[in-house]
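Q: I have a model open and want to learn how to read it. Where do we start?

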Amino acid sequence: MPSFKIWFERKDKTANSQYTTLSVRLPLILLACFALASCGHAEKDTHAGQPVTKRKLVFKQILRNFEPMGLIVRGRRPYEKDRFLQYAVELQTLSTQPWKYFTPDSNYAPTRAKPEVWQKPAEFKQAQQAFIAASAQLAEGAKTGNMDVIRADYGKVADSCKACHRDFRGGPR
Ligand code: HEC
C-alpha cells in the first residue's frame with residue numbers, strides 16, 4: 001500500500017515539524033509571559049509623589065537585609081560578625097523610612113495596606129515604634145558578636161514585622 005505509506009510519512013513529518021515549531025516557540029511564549037508579568041508589576045504609579053511605589057521599595061530593601069540575617073541565625077549561612085552588623089545597621093536605618101509614604105491619599109491599588117492604617121493611626125504608629133526599637137536593639141546586639149543575644153534580638157524584630165502585618169497588611173489588591 002504505497003499510498004498509505006506516503007501518507008503516513010507525510011503525517012510523521014508534519015508532526016515532527018509541529019514539535020520543532022513548538023519547541024522553538026515555547027521558550028518565546030514563556031519569555032513573553034515573564035515580560036508581561038514584570039511589566040504588570042512595574043505598572044506606572046501615576047499618583048503624585050508615588051507613595052505606594054516608594055514604600056513598597058523600602059519594604060523590599062528591608063526584606064533584603066532581614067532575610068539573610070534570618071538564614072544566619074538559623075545556622076543556614078555562616079555567621080560573620082561584620083557582615084551581620086552591616087545588615088543590622090542597614091535595617092535600623094531603613095526602619096524609620098517607609099512610614100512617611102503612608103500619606104492620607106495613598107490608599108490606592110496595588111497597595112496591600114489595610115484601611116486600618118488610616119482608621120487607627122495611633123496603633124499603626126505604635127507598631128512602627130515597636131519595630132524601630134527592636135531594629136535598634138538588634139543593631140546593638142549585633143555588636144556583641146554573641147549569637148544567643150543576636151538570635152533573641154532578631155526574634156523580636158521578626159515578631160514586630162508579623163504583628164504589624166497581621167493588623168495592617170492584607171491581601172493583594
Ligand atoms: C508598622 C507596620 C509594619 C512593620 C513593622 C513592617 N511592615 Fe512590612 N508592610 C506593612 C504594610 C502596611 C505593608 C503594605 C504596603 C503597601 O502595599 O502599600 C507592608 C509590606 C511589606 C512588604 C511587601 C512590599 C511589596 O513590594 O509589596 C514586605 C516584603 C514587607 N512589608 C516586609 C517587612 C519586614 C521584613 C518587616 C520587618 C523586618 C516589616 N515588613 C515590618 C507594614 C509593616
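Q: How many residues has helix H3, and how far does helix H3 reach from its first C-alpha to its last?

A: Two conventions come before the case. This is a predicted model: local features need pLDDT of at least 70, side-chain atom pairs count only at pLDDT 80 or more, and totals for chains, interfaces and linings use all residues. Residues are numbered from 1 along each chain as its sequence is written. Helices (H or I, at least four residues) and strands (E, at least two) are DSSP runs, numbered from the N terminus. The expected span of a helix is 1.5 Å times one less than its number of residues. H3 covers residues 81-94, 14 residues in total. H3 reaches 20 Å, close to the 20 Å expected.

Q: Which residues of H3 are buried?

A: Count C-beta atoms, placed from the backbone, within 10 Å of the residue's own: 20 or more others means buried, 12 or fewer exposed, and anything in between partly exposed. In H3 the buried residues are Phe84, Tyr87, Ala88, Leu91 and Gln92. Their directions from the helix axis to the C-beta atoms define an arc. For H3 the buried residues fall within an arc of 135°, so they line one face of the helix. The general idea: an α-helix has 3.6 residues a turn, so residues three or four places apart point the same way.

Q: Which helices do the buried residues of H3 pack against?

A: Contact means C-beta atoms, placed from the backbone, within 7 Å. The buried residues of H3 pack against H2 and H5. Take Leu91: leaving aside neighbours within four places in sequence, Leu91 is in contact with Ile62, Asn65, Phe66, Ser135 and Leu138.

Q: Which residues have the most contacts inside the largest nonpolar core?

A: In soluble globular proteins, nonpolar side chains tend to be buried together. A nonpolar core is a set of buried Ala, Val, Leu, Ile, Met, Phe, Trp, Tyr and Cys residues joined through C-beta atoms within 7 Å. Here the largest has 20 residues, and those with the most contacts inside it are Met69, Phe84, Ala88, Leu91, Leu138 and Ala142. H2, H3, H5 and H6 each supply at least two residues of this core. The largest share, 7 residues, comes from H5.

Q: What does H2 pack against, and what follows H2?

A: The buried residues of H2 include Ile62, Phe66 and Met69. The buried residues of H2 pack against H3 and H6. H2 is followed by Gly75, whose phi is positive, near 75°.

Q: How many residues surround the ligand, and which are the closest?

A: A residue is near a molecule if its C-beta atom, placed from the backbone, lies within 6 Å of it. The shell has 22 residues; the closest are Phe59, Thr111, Phe131, Cys161 and Cys164. Helices H2 (51-73), H5 (121-144) and H6 (147-168) each supply at least two residues of the shell. The largest share, 8 residues, comes from H2.

Q: Which backbone features lie in the loops?

A: Check omega and phi. A cis peptide bond joins Ala109 and Pro110, with omega about 10°. Pro110 lies in the loop between H3 and helix H4 (116-119). Gln50 has a phi near 45°, a positive value in a residue other than glycine. Gln50 lies in the loop between helix H1 (2-41) and H2.

Conventions: Contact = placed C-beta atoms within 7 Å.
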